[in-house]
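The entries record what I looked up, topic by topic.

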Amino acid sequence: MRVPAEPAHLTDRDANDTSPLMLGDLPPLVHLPLPGRKGRALLDSLARLESPAFTARRARREEKSGAAQDPIVWAEARGSNVLDADGNRYVDLTSGFGAASVGHAHPKVVAAIQSQAPRLLHALGDLHPSTGKIGLLERICALAPIENPRAVLSLTGSEAVETALKTAVLATGRPGVLAFEGGYHGLSQGPLAACGYAASFRQPFLEQLNPHVDFAPWPSEQASVEGALADVAAHLNDDLGAVLVEPIQGRGGVRVPPPGFIAGLADLAHEHGALLIVDEIFTGFGRCGAMFLVDEYGVEADLLCLGKSLGGGMPVSACVGRGKVMAAWGDPSGEAIHTGTFFGHPLGCAAALATLDVIAEEQLVARAERVGEAFATRLRQVPGVVSVRGRGLMLGLELQRDVMVATRALLEQGYLALPAGAAADVLQLVPPLNIDEALLEGFCQALTQVLA
Ligand SMILES: Cc1ncc(COP(=O)(O)O)c(C=O)c1O
């Protein structure tokens, strides 16, 4: 049977008509079983067409958790709501891997894309750039807490990290990278080598990965900062060109380091002639209640990697570096030895500029701090929640119940949340920064039922 690309009740609707469903800030409305009939038919196609890795992962997770792990198929999303192919409505506490910090399809972001698309859909990257690319570079360099900043735009987080790693080699002449156990920086080959999230991700490709990468242990928030820095110091050597770190490990399980750790790392790196690359792809743009955590920690990164939220749902990323460090790119041969067809894409730049406006106008940085604190306090009162950690609206919960089973039960109550940590033992909550607080209360009630 051929499956229509979109269910009829969605395609028949006028794109501007939000009245029947009013997606945005609505509570869940879900009919079991999940996925429904249309979703199952679409998933059958998917299983035939997509890399078997994803189907195998689902099967393995189902076996491990004892609960079905079939996904739902997203058909529409607006604000904090997602609608699946069967018309079920969910509240999204994933922000689509942290990218929809201003909510899905924010009207200002959509309007910016709509106005940009007919004017200039694609330009000539770094050769004949677009107005939007230059506008976005101005905004990013004005925002980034970096001395005399210069930036390279790209599409994905992995690409931003790759730019930073290459910059460090050019600037220091040293191949060594120190990263952290549990850290996640993307899976293209440069970042993968420094991805401490799980050795199994690197293992099949080891022979093609940078062999000069070492991993230091990641300290817990309660660890002594002196001890944690001493552990790092044991991994430093004269080959080291870069220390690569997330200010809070996101995918690794919302793991917050002890106060002073990132600042201490900057000192250690600099004492050894290495650069500090801070990966704020997940934590940046207000997610953790600060525009950037490096600001809050009082750390000046040599290179800062940005992505996810920046594009408001479009793929846009950036590596911003100190002028002195980025100057290394001017050396080689006058060639643009690091570029990409779609880097600085006009649609992405338009979306990013609108997203930065929304973050400012809706005061989302301060809101994330205030709402995140209240949400964390409320979550601590839910029986069966063992611990709540994180900052702003990046929270990680340890539960008395298996997290994968709890995630599935929450989905069936209409709440989208993801397990984090290599052992999938942390429930990660990263809702849009402008989510209605009533929906967070609804989530707490659903979680109470799930853990009862
Ligand atoms: C901290 C961090 N860095 C880098 C990445 C990679 O980004 P992308 O998946 O866009 O390549 C991620 C993605 O989750 C991330 O959380």
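I call a residue buried under 20% relative accessible area, exposed over 50%, and partly exposed in between, using a 1.4 Å probe and protein chains only. The model is predicted, so I note that local features need pLDDT of at least 70, that side-chain atom pairs count only at pLDDT 80 or more, and that totals for chains, interfaces and linings use all residues. Residues are numbered from 1 along each chain as its sequence is written, and side-chain values use heavy atoms, with hydrogens and water left out.

**Entry: Y297**

I looked up Y297 and found it partly exposed, with a relative accessible area of 24%. Y297 lies in helix 12 (residues 293-297); helices are DSSP runs of H or I with at least four residues, numbered from the N terminus. Leaving aside residues up to four places away in sequence, Y297 touches P247, I248, P257, I262, A263 and R391, where contact means heavy atoms within 4.5 Å. Y297 and P247 are 50 residues apart along the chain, and their C-alpha atoms are separated by 8.8 Å.

**Entry: cysteines**

I count a disulfide as a pair of cysteine sulfur atoms within 2.5 Å. By this rule I find zero disulfides. For C195, the nearest cysteine sulfur is that of C305, 14 Å away. C195 is buried, with a relative accessible area of 0%.

**Entry: helix 15 and helix 17**

Helix 15 (residues 364-380) packs against helix 17 (residues 437-451) at an angle of about 20 degrees, with the axes 11 Å apart. Axes are lines fitted to C-alpha atoms, for helices over the stretch in contact, and angles run from 0 to 180 degrees between N-to-C directions. The angle therefore makes helix 15 roughly parallel to helix 17, a term for angles under 35 degrees. Among the residues in contact are F375 of helix 15 and F443 of helix 17. The residues of this contact divide into seven nonpolar, one polar and five charged.

**Entry: helix 6 and helix 14**

The axes of helix 6 (residues 131-143) and helix 14 (residues 346-361) come within 9 Å and cross at roughly 35 degrees. Residues of helix 6 including G132, L136 and R139 meet residues of helix 14 including C349, L353 and D357.

Technical notes:
Helices (H or I, at least four residues) and strands (E, at least two) are DSSP runs, numbered from the N terminus. Angles under 35 degrees count as roughly parallel, over 145 as roughly antiparallel, 65 to 115 as roughly perpendicular and the rest as oblique. Ala, Val, Leu, Ile, Met, Phe, Trp, Tyr, Cys and Pro count as nonpolar, Asp, Glu, Lys and Arg as charged, and the others, Gly among them, as polar.
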